[in-house]
Every structure is written in structure tokens, then in C-alpha cells.
Amino acid sequence: MAAGSSNYWEDLRKQARQLENELDLKLVSFSKLCTSYSSTRDGRRDRYSSDTTPLLNGSNQDRMFETMAVEIEQLLGKLTGINDKMAEYTNSAGVPSLNAALMHTLQRHRDILQDYTHEFHKTKANFLAIRERENLLGSVRKDIESYKSGSGVNNRRTELFLKEHEHLRNSDRLIEETISIAMATKENMTSQRGMLKSIQSKMNTLANRFPAVNSLIQRINLRKRRDSLILGSVIGICTILLLLYAFH
């Protein structure tokens, strides 16, 4: 009976790890799609010559975005179900109450699920914001072309309108560069997250065996949180300064 329960638990852990690996790969591709979307649309704007220019690249990227979003949501749902089964197993009467390692493993998988869910929603929101801004700028560009073709005269008002549009494009390009830098930073931090979690898991195991090490780990965790807050504040301030510079 105990062997059967152990096999059931290990099977759940295997499924959870497999889903986590799939989600990690999907989220990296999803993030790259968001980063490349704006640059592709900007290149199309530079080559734009008439309202009949097809937007095939944008349509393909939009379809790819929808497809990947659905796939990631399905994987998150499956991983949530596996975590629920693991929670039911730890709460069952047949599981030894002194086995704290099960609860520690379950909490680690829950943290990973929470991180992946947050990352997915953040990347999705960034993509939708970029797409909405691109559509707005595209509408402005069409209005300008329509006005120019209708009037046939490059008067002072048209020149001012074009200058304002160029200023908007330059500001938009600066924002896109800032987003690209932020996305690249996020990808780097994501790649390091798995390594840090593995190290943390091993350190927690040592901490449970050696109380003195546990105190050292707590101090390290406090310093890591402080460094994360400082890094986040610096990135936030730099982003705000870039935005203020772009619009002034």
C-alpha cells in the first residue's frame, strides 16, 4: 500500500515537472513573439506606400499569438490540476503526517505555477498594448495619406501634421526599444530562475539538517530580496525617465 502511494506521488511529480518544462519553453517563445511584433510592424510602416499594402505579417503574428496563448492557458490548467491532486494526496489519511518533505515539494510546485501564471499574463498584456498602439498609429497614418491625396496641396497645416506624426513615431520607436531591453532582461532573469531555484532547494535541504546553515540562508534570502527591490526600483526609474524624455 505504501509502495503504491509512493509511486502515485512520484508519478504526479513527474507530470508536474514535464508540464513546467513545456511551460518554460512556451513562455520563452511567447516573450520573443511579443518582442519581435513591434519591430516587424515598424518595418512595415517604413515600407508603406498605399492603403492596399497587405498586412500578412501582422495577421500571421496575431494568429500565432492567439494560438500560443490558448496552448499556454491549457498547460497552466493542467499544471493546476496536478497541483490540486498533489494537495489532495498530502491531505489524505494514508500519508505519514511527519513527512514534511511532501509539503515542501508541493509548495515549490505551487510557487513555480504562480510565477508562470504571472509571467504569462504580464507578457500577454504587453503584447496587447503594443498591438493597440500599432493599430492607433496605423489609423493616424491612413488619415494623413487620405488628407494628402484629397487636398493635393502640401500646405502649412499638412507639414505641421506630418511633423507631429514623425515625433510620435520617434517616441514610439524609443518606447519599443525600452520594451525590448526590458524583455531581454526578463528572459535573462527567467533563464537564471531555474538555476537559482535548484540551488535554493539544495540549500533548504541542508538547512533542515543543519540549523546553523538555516540562519545563514535566511540572511542570504533577505539580502537577495533587498537586491531584487533595488534592481526593480532602478529599472522602474529608468523606464519612467525614458518615457518622460520621449514625450517631452
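The points below go from the overall fold to the aromatic pairs and then to the pockets.

1. **Fold.** Please keep in mind that this is a predicted model. The protein has five helices and zero strands, so from the N terminus on the elements read α-α-α-α-α. Among contacts between residues at least 6 apart in sequence, 81% join residues at least 24 apart.

2. **Burial and surface.** Of the 248 residues in the protein, 29% are buried. The accessible surface is about 16,100 Å², and carbon and sulfur atoms account for 59% of that area.

3. **Tyr8 and Tyr89.** The whole structure holds five aromatic pairs. In one of them, the ring centres of Tyr8 and Tyr89 are 5.8 Å apart with the planes at 50 degrees, so this pair is tilted. Buried or exposed? Tyr89 is buried, with a relative accessible area of 11%, whereas Tyr8 is partly exposed at 39%.

4. **Phe30 and Phe120.** Another tilted pair joins Phe30 and Phe120, at 5.6 Å centre to centre and 35 degrees between the planes. Phe30 sits in helix H1 and Phe120 in helix H3, so the pair ties together parts 90 residues apart in sequence. Phe30 is buried, because its relative accessible area is 2% and the cut-off for buried is under 20%. Phe120 is buried too, at 0%. Ring pairs also link Phe30 and Phe120 with Phe65 and Phe127 in a cluster.

5. **Largest pocket.** This pocket holds about 1,600 Å³ of space. Its lining has 37 residues, and the closest to the centre are Lys186, Met189, Thr190, Arg193 and Ser228. Helices H3 (100–151), H4 (156–209) and H5 (211–247) each supply at least two lining residues, with H5 giving the most, 16 residues. By type, the lining divides into 14 nonpolar, 13 polar and ten charged residues.

6. **Second largest pocket.** Here the space is about 310 Å³. The lining consists of 15 residues, with Glu20, Ile112, Tyr116, Gly194 and Lys197 nearest the centre. Which helix provides the largest share of this lining? H4 does, with six residues, while H1 (2–46), H3 and H4 each contribute at least two. The lining is made up of two nonpolar, six polar and seven charged residues.

Terms used:
Residues are numbered from 1 along each chain as its sequence is written. This is a predicted model: local features need pLDDT of at least 70, side-chain atom pairs count only at pLDDT 80 or more; totals for chains, interfaces and linings use all residues. Side-chain values use heavy atoms; hydrogens and water are left out. On a 1 Å grid over the protein atoms alone, a cavity is a set of points where a 1.4 Å probe fits but cannot get out, and a pocket is an open set with protein on both sides within 12 Å along at least five of seven lines; lining residues have an atom within 4 Å of a point. Grid points are joined across faces, edges and corners, and a volume is the space filled by probe spheres set on the points. Helices (H or I, at least four residues) and strands (E, at least two) are DSSP runs, numbered from the N terminus. Ala, Val, Leu, Ile, Met, Phe, Trp, Tyr, Cys and Pro count as nonpolar, Asp, Glu, Lys and Arg as charged, and the others, Gly among them, as polar. Buried means under 20% relative accessible area, exposed over 50%, partly exposed in between (1.4 Å probe, protein chains only). Contact means heavy atoms within 4.5 Å. Accessible areas come from the Shrake-Rupley method with a 1.4 Å probe; for residues, only the protein chains shown count as cover. Rings of Phe, Tyr and Trp (its six-membered ring) pair if their centres lie within 6.5 Å; planes under 30 degrees apart count as stacked, over 60 as edge-to-face and the rest as tilted.
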